[in-house]
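Student: I would like to learn how to read a few side-chain features in a model. Could you take me through them one at a time?

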Amino acid sequence: MPSLDFSREEKAFEAAYTQELPALQYACASYMALLQAILSRTPGLDITKVEGRVKDRRECVNKFSRKYRAALEESNTPYEIRSYITDLIGVRVVCLYEDELEEVAQAVRSHFEVIDVTDKVTAVESTEDSFGYKGLHLDLRLTPAQAALAEHAAYANQPFELQVRTIIQDSWSVLDHKIKYKKSIPGQLKRRINVLSALFELADREFRQIRDATDAELLQAPDETAEPDSDLELAPAEKSQAPGSELNAFTFLKIANHFFKDQEFEPQKVDLFVDDIRAWSPSITRARFNTLMRATIGTVKRYKQHFEDHNPQGSFNAYTVIRHCLYLGDRTTFRRALRNSSREAFEAWLKDHA
């Protein structure tokens, strides 16, 4: 029975918490796994981590005392602490970019009902004098269809809180909680905290805009595969000065995606590989690279088939194909593109299949 005796209600809550804890931990792990599965099937999301926890017993009691106890006792309303703690399970999803917060929220709505939403991004941005912690909080429970499934029976009626943050918002939240006595510190220090928070917010915005600008740069890169090789007769010094003629990550991808339509090229590997190509041939242009690929890729693909037939465990990926194409197109300039053993095996095959 509810009462106004805090000591009694605290003991009752602690007993209930201890009894429920194993089930809560199982539900938390299950929700984390379900969210990871949902988000992994959502294209375009960059999720850095999914983590969860069951709220500490002492933390629950402190929250009740801070938010509800005084008002309930003042109005002479009996209470049970457990009914006021709706976020015993908390799961956090951390993504890279701020515009992905709502994408995550949309993705989880297919499996969960939204009980409540706290949009701390909008709340903070609607004020002029506060930067603070930002993020999106959703109180969730399984939809009736999901709750009816046998695999969810153990926690079908257990709600949880989902926090969605960018990696920068998550970092700020951790640091923000380390700042002591925020309510009492002098105004000058509060101002410094707000300036620091604004820098984090600016970094969030800049990373998103850099991502968008990089994507736009890739779209604007010339489609060399559809252009004549107009700069092939230029001298090396002239080639390096021809506007838009350089081989870089963006022009490389336009050409590579043409020849390897089903291949996904990781940005970091592309950067490193283009650096290698430019080290082998500092004056190489996008047109020259495209011409070498077109002239040799048919032969190299036949060699790739031969190699894989005789080396079932061997690797001959798109980068390996490109290395062989460059070498075959210009053995002197691109000698370093292949290791000695690879070069000798390729030359032996060419001798028999020229």
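Student: Is E73 buried or exposed, or something in between?

Tutor: Buried means under 20% relative accessible area, exposed over 50%, and partly exposed in between, with a 1.4 Å probe and protein chains only. E73 has a relative accessible area of 30%, so it is partly exposed. Before we go on: this is a predicted model, in which local features need pLDDT of at least 70 and side-chain atom pairs count only at pLDDT 80 or more, while totals for chains, interfaces and linings use all residues. Residues are numbered from 1 along each chain as its sequence is written, and side-chain values use heavy atoms, with hydrogens and water left out.

Student: Which residue forms a salt bridge with E73?

Tutor: A salt bridge is a side-chain nitrogen of Lys or Arg within 4 Å of a carboxyl oxygen of Asp or Glu. Here the partner is R69, with the closest N and O atoms 3.0 Å apart. R69 is also partly exposed, at 28% relative accessibility.

Student: Why are R69 and E73 about one helical turn apart?

Tutor: An α-helix has 3.6 residues a turn, so residues three or four places apart point the same way. R69 and E73 are four residues apart in helix α2, and therefore about one helical turn separates them. Helices here are DSSP runs (H or I, at least four residues), as are strands (E, at least two), numbered from the N terminus.

Student: What else does R69 do?

Tutor: A charge sits over a ring if NZ of Lys or CZ of Arg is within 6 Å of the ring centre and within 35 degrees of the ring normal. R69 lies over the face of F6, at 3.8 Å from the ring centre. R211 lies over the face of Y97, at 4.5 Å.

Student: How many salt bridges are found in the whole structure?

Tutor: The search finds 23. One of them joins R58 to E14, with the closest N and O atoms 3.6 Å apart. R58 lies in helix α2 and E14 in helix α1 (residues 6-40), so the pair ties together parts that are 44 residues apart in sequence. In another, D87 meets K63 at 2.9 Å, N to O. D87 is in the loop between α2 and β2 (89-95) and K63 in helix α2, 24 residues apart. D87 is buried, at 9%, and K63 is buried too, at 13%. There is also a network of salt bridges that links K49, E51, R92, R165 and D170.

Student: How should I read aromatic pairs?

Tutor: Rings of Phe, Tyr and Trp (its six-membered ring) pair if their centres lie within 6.5 Å; planes under 30 degrees apart count as stacked, over 60 as edge-to-face and the rest as tilted. By this rule there are 25 aromatic pairs. F64 and Y68 have ring centres 6.2 Å apart and planes at 40°, so this pair is tilted. Both lie in helix α2 (residues 57-74), four residues apart. F64 is buried, at 0%, whereas Y68 is partly exposed, at 25%.

Student: Which residues form one aromatic cluster?

Tutor: The cluster is made of F252, F260, F265, F273, W280, F289, Y319 and F334. Among them, Y319 is listed with the buried residues of α12. In that helix (residues 318-329), 10 of the 12 residues are buried, so α12 is largely enclosed by the rest of the structure.

Definitions and conventions: Expected span 1.5 Å × (residues − 1).
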